[in-house]
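Subject: Handover of a structure and the findings from it

Dear colleague,

Please find below the structure that I am handing over to you. I would ask you to keep it open while you read the notes that come after it.

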Number of protein chains: 2
Amino acid sequence: MGGAVIVTSRRSAAVAAALDPDAASPAPERVDPAVELADLDAAFAAWWDERRGAARLSVTPVPFRDLPHWSFTRDGDLVHDSGRFFTVSGMRVRGPEGPGRDQPVILQPEIGVLGLLVKQLDGEPHVLLQAKAEPGNIDGIQLSPTVQATRSNYTRVHRGGATRHLEHFRGPGRGRVLVDSLQSEQGAWFWRKHNRNMVVEPVGEVAEHPDFRWIALRTVRRLLGVDHLVNMDTRSVLGCLPAGPVPTAAALTEPVSRAPAPPGAAVDPLSLRALTSWLIDAKQHCPWYARPVPLADVEGWTRTETEIADDAARSFRIIAVRVEAGTREVRQWAQPLLAPRRPGLAVFLCRSIGGVPRVLVRARTEPGLGDLVELGPTVQWSDDIGPAVPEEAGPFDGSALSDDPACVRFDAELSEEGGRFHRAATRYRIIEADATLPPCDAQLPDDYRWLTPHQLHALVAIGHHVNVQARSLLACLASLP
Amino acid sequence: MGGAVIVTSRRSAAVAAALDPDAASPAPERVDPAVELADLDAAFAAWWDERRGAARLSVTPVPFRDLPHWSFTRDGDLVHDSGRFFTVSGMRVRGPEGPGRDQPVILQPEIGVLGLLVKQLDGEPHVLLQAKAEPGNIDGIQLSPTVQATRSNYTRVHRGGATRHLEHFRGPGRGRVLVDSLQSEQGAWFWRKHNRNMVVEPVGEVAEHPDFRWIALRTVRRLLGVDHLVNMDTRSVLGCLPAGPVPTAAALTEPVSRAPAPPGAAVDPLSLRALTSWLIDAKQHCPWYARPVPLADVEGWTRTETEIADDAARSFRIIAVRVEAGTREVRQWAQPLLAPRRPGLAVFLCRSIGGVPRVLVRARTEPGLGDLVELGPTVQWSDDIGPAVPEEAGPFDGSALSDDPACVRFDAELSEEGGRFHRAATRYRIIEADATLPPCDAQLPDDYRWLTPHQLHALVAIGHHVNVQARSLLACLASLP
C-alpha cells in the first residue's frame, strides 16, 4: 500500500472515451452526440491533461514518528499540534446484546464548506470546478467543487493561502444561495462529521485561475461515469441539486426567491410526513449505541510504527503519509489517512411504478452518524463497517450485482474523500430492478421504501437525512438519460 | 434542599384563580369569560385536587451509596446496573482561546416519546393529559402529555407496568400523526438528548383511567399561566403545534392528508431558506467545541457522599434521592437528579412589525446541543450554563426584565423536567418590546432576528432547530388572546 501516486494513461483514455461520442465508452448510454458539446469536451480534456501535469503529488508512507506537528496523546489519540484539522480517536459500538465492537474513528467536529458556483453560460447552467490533488486520491487530481475547505483550511491554521472563491459563499460578497444544508459523511469512518453543502449563483465577477474551469452541468453529469474523476465532495453537492433532467436557467440560476423549493414544497406533504415519521421510527428503535472512546481504549486493534490495524486484518488501517505538492496551498505536509483494504459497493435499485420512476432506499444504521440512522442505498457494502453493524446478506444483493446489460444503467468505481482516506473506492451502480421485486412498500422489509427522486431530494434539502453514498447515487441518477 | 414534597394549598388557590373568570388571577389577561368553560374548569379543578391526593410522592435525599442499582464506574460515571436510563458523566467545553470549562452532564442517548392525543369533543379540540408525579417536581403532580416515556420505560427495563396509551403512537394501532419531530432538551445539562415529540389523533377507542383527562386545548393554554402546573414535556409538544389562535377542528384534527403543513409549506420559501442559512452560519462559525469526558476527569468539581458540586458553588449539583410513590409504575425507587441552585429566565420580546406579530429570537450556543447552536429566546439566563458559555449582559436584558404591566403579556414560573431535575424552575416571560428597539434585522446584532410565529413553527417542524425554552415560550405565546 502507499507509495507515490502513479499518473496512468489509462485514466486519460477513459476520460477521452467518455467524452468522445464515437469511441467505445465505459458508459455508452451517457454519450450525447451533440457536436458543440464534443468541442467543449475536447477543450476540457486538454485542460485536464494540462492540470494533471501541473499538480503532481508525491505521496510516501512514513512512520507515525515522522509526522511533523502530529503526536499521540496520553490517551493514544493522534492529534495535530493546533488541536484543529482532525483527530484519530476511538469509537465503541454496543448493540442490544453481546460485547459490541471498538474501532478507530476520525473526529472532525468543525463544519467545512463544500461550495459549488453555478451560472448560465451559452444558454445552459455551468458549474465552476477545480482540478484538485489530494494525497489519498487514486488518480492524482480529481474534479472538486469550487470551494472544498475545512474551517481549519479557511481560517488558515496551516498558514497556507486564502481559500479561493470563498467570498462567494460567506460574508457580504455572498451570492444567491440556491442550496444550503448540513450533510453527513461516512458514518463508518467519521464520528458525526458534517459539512455544509452549498450551491450559489455568484453576484459580481468570479476571478479566473488555471485550476478552475466552468463546465456545463450536463457535461459534469456525463463525467460521473468516468472512474475516479468526479470527487466525493462534488458528488455530494450535485446530489443536493433538484432531480430530473439538466435544469433550465429558469429552474436553477434565477434569483433565490424563485429558486429550487425548500424542504417539502415540491413533494406531497402527506408523503413527506410519512417518510420522516418512518425514519424517526428507525432512529428510535435502533438498538445500537455508539460513543467516542480514547484510541488507547480501542480493543482488538494494534498500533505499530507505521499503522493502526485490527488484529483480524479485516478492517481499514490508519497510516501516515508525507506529501509533496505542486499547486496545493502549502507545498509539503504530512498527515494520517484512513486506508480501507478493499472497495465498497453502493447500489440503487430503480424501477417505474405507476409511471413514476422510483429508487429503493434503506433506513441504514452507521455508528458514526449523529442519529445513527439515515437513508442509504438499496445495498451498501463495506468490509470496514465490521461486525458491530453486520452487513448480512440482504434480499436485494442478487439484483444489485446483476451484470445483465439491459438492467445496468450506471456502473463506475468512484473515489471517497482523498484528504482523509487513502485510495478509498466505491463501486456505484444503478440497476433496473427485476419485475419480480415487490412494487408495494408493504411487501418490503420495513427498513426499505420505494421513493421518487423528488421525495429523496426533499429529504436531502432538510439535511442529515440521506447518507453520502446515497447522495452520490442521486448525482449519478441525474446523469441518466 | 431535598426533603418530601410539600403539597401547598397556595397551588390549588392559584389553579382556581386562573380558572375562575371572576377571581383575581395571577395572569388576568388570559381569563376567558365564557360560562361553559368555567363549568368545565370547575370539573378540572376537582379532578386535579383528587389526583393530587392520590399521587403523593415522598422524596428524600440520600447518599450516593444508598442508590440501589446505581454505581460509580472506574471512570467516575454514575450509571444504572442495566446500562440504560441515563448516566451522569462529564462534558469538556473549549472555546477559541483559554482553558474552557468542565462540568457534569446527563447522557441519555435513547430517544423517548412525548406524545399528545388530540380529538374533537363538544366541537373543539381536546388533548389527553396526565396527572403525573415526578421526584423533582416543585409541586408534586404536574400536567404531563398522554405519553411521556423513555425507551427504557416503555421496554420495561425497570419491570414497571406497560406505558399506558403508547399503542396510539407506535405499531399497527398508531393513530393519525399530526406532529412528529425530534427535538432537543436543555443543552446546558444534557449531552445531545433528544425526544420524539408527537401529536396524534387516535383511531379507535382510548381507554379511560383516573390519571388521564381530556381537556380543551384552550383551557390547557390558559393553565400555562399557572406556576408549575403544565410540565416541560407538555409545553414542548404544545410548542410544536401550529401557531395562532386555538385551531379549529378542520385545522387540527382532520385526517393527516390535510393536517398542519410540513416544514416550510406554511411559510414563504425565501424567508425559510434565509433563516436556515443564517442558522447554519451560526453553527459553522461557533467557536466552541464540546465533548464528553469521564466524570472523573471533570476538573473543578468534587464528589462528596451526597453531592457532586463545583468548587465555586455557583453551578448545579448532582444529588441522589429515594422516592416512594403512589401511582407511578413502580412504587419505590432511587435515582440521581440534577439540582440547579436558582431559577432560570427565558423571555421572548415581541412586537408587531408592519402589522405582523413577531418575536425576537437569538441563535444560541449551548454545549450539549448536537450542532451547538439552536434558536432560543431573546434572553435566556441560567447560572448553570457557567463561564464556558458566558451569559454576558445582553442588549435586551432591560426590556426582558420590564415590570410595566402594559408590556408584560405573559409571566409565570414553570418547571423543567422533574424526572431528571430537582426543583428546576424557569421564569417564562413574553414582553411587548419597547418601540425604540430596531424593527429591522439589519440593525440588530447578527445573532438576533425578528421571526413570525409561523416562521418559528416551520423551523420547529424540521426538528433540532428551536431549543426547549423557546418551544415553551411558543406554547405560552399561543395562549395569548
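This is a predicted model: local features need pLDDT of at least 70, side-chain atom pairs count only at pLDDT 80 or more; totals for chains, interfaces and linings use all residues.

**How the two chains are related**

A rotation of 180 degrees, with 0.0 Å of shift along its axis, places chain A on chain B with an RMSD of 0.0 Å. This is the relation of a two-fold axis. In general, a rotation about an axis and a shift along it relate two copies of a chain.

**The interface**

How many residues of chain A are in contact with chain B? The number is 40, and they meet 40 residues of chain B. Of the interface residues of chain A, 100% are also interface residues in chain B, so the copies meet through the same surface.

Between them, chain A and chain B bury about 3300 Å², and 54% of this lies on carbon and sulfur atoms. On the side of chain A, the residues that lose the most area to chain B are R273(A), I280(A) and Q284(A), which together account for 21% of what that side buries.

There are also polar links across the interface. The count is 18 residue pairs in polar contact between chain A and chain B, with both residues at pLDDT 80 or more. Which elements of chain A supply at least two residues each to the side that touches chain B? They are α3 (151-154), β10 (176-184), β12 (194-201), α7 (269-285) and β14 (289-293). The most comes from α7(A), with 9 residues. Sorted by class, the side of chain A that touches chain B holds 23 nonpolar, 7 polar and 10 charged residues.

**Salt bridges**

Side chains of opposite charge can pair when their charged atoms come close. Over all chains, the structure holds 40 salt bridges, and 4 salt bridges are found across the interface of chain A and chain B. An example that joins the chains is the salt bridge between the side chains of R174(A) and D281(B), at 2.6 Å from N to O.

Within chain A, the side chains of D180(A) and R196(A) meet in a salt bridge of 2.8 Å, N to O. D180(A) belongs to strand β10 and R196(A) to strand β12 of chain A, so this pair ties together parts that are 16 residues apart in sequence. Are these two residues buried or exposed? D180(A) counts as buried, at 9% relative accessibility, and R196(A) is buried as well, with a relative accessible area of 1%.

In chain B, D371(B) forms a salt bridge with K283(B), and their closest N and O atoms are 3.1 Å apart. D371(B) is in the loop between β20 (356-365) and β21 (373-376), while K283(B) is in helix α7 (residues 269-285), so the pair ties together parts of chain B that are 88 residues apart in sequence. K283(B) is buried, with a relative accessible area of 8%. Salt bridges that share partners also join R174(A), D180(A), R196(A) and D281(B) into one network.

A further pair in chain A is E124(A) and R218(A), whose closest N and O atoms are 2.8 Å apart in a salt bridge. This pair links distant parts of the chain, as E124(A) is in strand β7 (residues 124-133) and R218(A) is in helix α4 (residues 217-223), 94 residues apart. E124(A) counts as buried at 16% relative accessibility, whereas R218(A) counts as partly exposed at 27%.

G112(A) lies in strand β6 (residues 112-121) of chain A and is buried, with a relative accessible area of 2%. Its C-alpha atom is 5.5 Å from that of A149(A), a residue 37 places away along the chain. Among the residues that G112(A) touches are A149(A), H194(A) and R196(A).

S89(B) is found in strand β4 (residues 87-94) of chain B and is buried, at 4% relative accessible area. The side chain of S89(B) makes a polar contact with the side chain of D77(B) at 3.1 Å, and the side chain of S89(B) also reaches the backbone oxygen of V293(B) at 3.1 Å.

Finally, helix α10 (residues 468-478) of chain B is mostly covered, with 11 of its 11 residues buried. At the start of α10(B), a side-chain oxygen of N467(B) comes to within 3.3 Å of the backbone nitrogen of Q469(B).

Terms used
Residues are numbered from 1 along each chain as its sequence is written. Chains are lettered from A and ligands numbered from 1 in the order in which they are written. Side-chain values use heavy atoms; hydrogens and water are left out. Copies are superposed by least squares on the C-alpha atoms of residues with pLDDT of at least 70 in both. Contact means heavy atoms within 4.5 Å. Buried area is the accessible area (1.4 Å probe) that two parts lose on being put together, summed over both. A polar contact is a pair of N or O atoms within 3.5 Å; within protein, one must be able to donate a hydrogen and the other to accept it, and residues adjacent in sequence count only if both atoms are side-chain atoms. Helices (H or I, at least four residues) and strands (E, at least two) are DSSP runs, numbered from the N terminus. Ala, Val, Leu, Ile, Met, Phe, Trp, Tyr, Cys and Pro count as nonpolar, Asp, Glu, Lys and Arg as charged, and the others, Gly among them, as polar. Buried means under 20% relative accessible area, exposed over 50%, partly exposed in between (1.4 Å probe, protein chains only). Lists of a residue's contacts leave out its neighbours within four places in sequence.
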